[in-house]
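Okay, thanks for making time, everyone. Have a look at the screen while I talk you through this one.

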Amino acid sequence: MAGMRVTLGQLKAFEAVARLGSFSAAGKELFVTQPAVSKKIRLLQDEVGLPLLEQIGKRSHLTDAGRLLLGVCTDWLETWSHFEQSIADLQGLKRGRLRIAVVTTGKYFMPRVLGPFCADYPGIDVAMEVVNRNRLLERLARNQDDLYIMGVPPDDLDIDSEPLISNPLVVVAPASNPLAKRRRIRFDELANQVFLMREQGSGTRIAIERMFQERQTPLHVKMELGSNEAIKQAVAGGLGLSIMSRHALSPLSGTDRVVELKVQGFPIKRHWYVVTPRGKQRSVVAETFVDFLHDHVRWLESGSYPAPD
Ligand code: PGA
C-alpha cells in the first residue's frame, strides 16, 4: 500500500462519478471527455489495487473500497478547495471560478450584473446555468454550483437563503386585447380568459396555480410552453394571456406588443433568493459576487441598468 500515487485530477474525477452516478455527467461537470474520466478512474483503481466502481445498468455504483475512498476524498477535496480559496484570497481575487445556477426568470437580471462584475474582476471565469426551479433543485442536491438564485426555496431543504430582489409576477396580454384599456380588472374575470403556461417544474407556474387555487377560480390553460420568451411571443401573437415576471417585460427585453394588465391581486409578490447548501463554505469568489449583487440591488430593482462603457 505504501507509496500510492494518486493525483488531484483522479480524485476529482472519482468524486464526481460517485456523486453523479455517471462518467459522462462527471466529464461534463469537469469539462473533460468521458474517456478522460474513465482513464483517470482506471489509473486510480490500479493504484488502489481494488475496483472502486461497478456498473449496474447505466449507473456507476461504489464498491466497498470505493465507499472508503469517497469518505476520505470528499474531506480531502473540501480541504483542498479551502486551500484554493485562501490562495485566491492572497492573490487578491485575481483568478477564480464561479458557477451559478439561476431560474429562468433570473436571466433577465443576472447577465446585467455579470457585465460590471466581470469588468471589475477580469480574472474570474463565470459559468451560469439557466434552468427551471426543479432542475435547479436537482443541481443543488448534487452540489453542482457555488451559488443558486431561485424563487422561494422549499423549507424542507438544509440550506441558507437570503432574499435578493423582488420578482413581481404580472398578467400579460397582447396590446390589442380590450382588457389592456381597463383601469381595474377583477380577479374573477380571469376565469373567462385562456392562459399560456410554463412547463411542470417551473416556480412561476407553481405560484400561479397556487393563486388560482386559493381564490377558487378556474384556470384555463390553452398551451404549455417551456420558455418565458416563447410565451411572450405567443401572447403577442394573440394565443392567450399569461402571468410572468415583470422583469421579462423590461424595455431591454425587446417586448413591445405585450402589455401588463391591471388585475386586482397583482402583482404576485415574489423574491429571488441567493441560496447555498448549509455548511458549504462559500468561496472568496462566491462571497465577493454575493456582496456585489447586494451592492447593486437598487439599480436591479429599478431595472435601470447602467449602460456598458
Ligand atoms: P421558473 O422559476 O423559471 O422555474 O419559473 C422562477 C421562480 O421560481 O421565480
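This is a predicted model: local features need pLDDT of at least 70, side-chain atom pairs count only at pLDDT 80 or more; totals for chains, interfaces and linings use all residues.

Residues are numbered from 1 along each chain as its sequence is written, and side-chain values use heavy atoms, with hydrogens and water left out.

So, the overall picture. The protein has 10 helices and 12 strands; these are DSSP runs, numbered from the N terminus, with helices being H or I of at least four residues and strands E of at least two. The C-alpha trace spans about 80 × 45 × 30 Å along its principal axes. There are 309 residues, and 47% of them count as buried. Buried here is under 20% relative accessible area, exposed is over 50%, and partly exposed is in between, using a 1.4 Å probe and protein chains only.

How about contacts, meaning heavy atoms within 4.5 Å? Taking those with a separation of 6 or more, 75% are between residues 24 or more positions apart.

On charges, we have 40 positive and 35 negative side chains, and the centres of the two sets lie 7 Å apart. Lys and Arg count as positive, Asp and Glu as negative, and His and the chain ends are not counted. Each charge is placed at NZ of Lys, CZ of Arg, CG of Asp or CD of Glu.

Now the ligand. Which residues are around the ligand? Among them are Val-103, Thr-104, Thr-105, Asn-132, Arg-133, Arg-198, Ser-202, Gly-203 and Arg-270, where being near takes a heavy atom within 4 Å. Let me zoom in on three of them. Arg-270 has a polar side-chain atom 2.6 Å from a ligand oxygen. Ser-202 also puts a polar side-chain atom by a ligand oxygen, at 2.8 Å. With Gly-203, a backbone N or O atom lies 2.7 Å from an oxygen atom of the ligand. And the protein covers 100% of the 280 Å² of accessible area that the ligand has on its own; that's Shrake-Rupley with a 1.4 Å probe, and for residues only the protein chains shown count as cover.

Next, Glu-199, in the loop between β8 (194-197) and α7 (203-214). Is Glu-199 buried or exposed? Glu-199 is buried, because its relative accessible area is 15%. Its side chain makes a polar contact with the side chain of Asn-132 at 2.8 Å, and another with the side chain of Arg-198 at 2.9 Å. A polar contact is a pair of N or O atoms within 3.5 Å; within protein, one must be able to donate a hydrogen and the other to accept it, and residues adjacent in sequence count only if both atoms are side-chain atoms.

Over to Arg-182, in the loop between β7 (169-174) and β8. Arg-182 counts as partly exposed, because its relative accessibility is 32%. Lys-262 is 80 residues away along the chain, yet the two C-alpha atoms are separated by 7.3 Å. Leaving out residues up to four places away in sequence, Arg-182 touches Glu-189 and Lys-262.

Last one: His-247, between β10 (242-245) and β11 (258-260) in a loop. His-247 is buried, at 10% relative accessibility, and its side chain reaches the backbone oxygen of Ser-166 at 3.1 Å.

Key:
Contact means heavy atoms within 4.5 Å.
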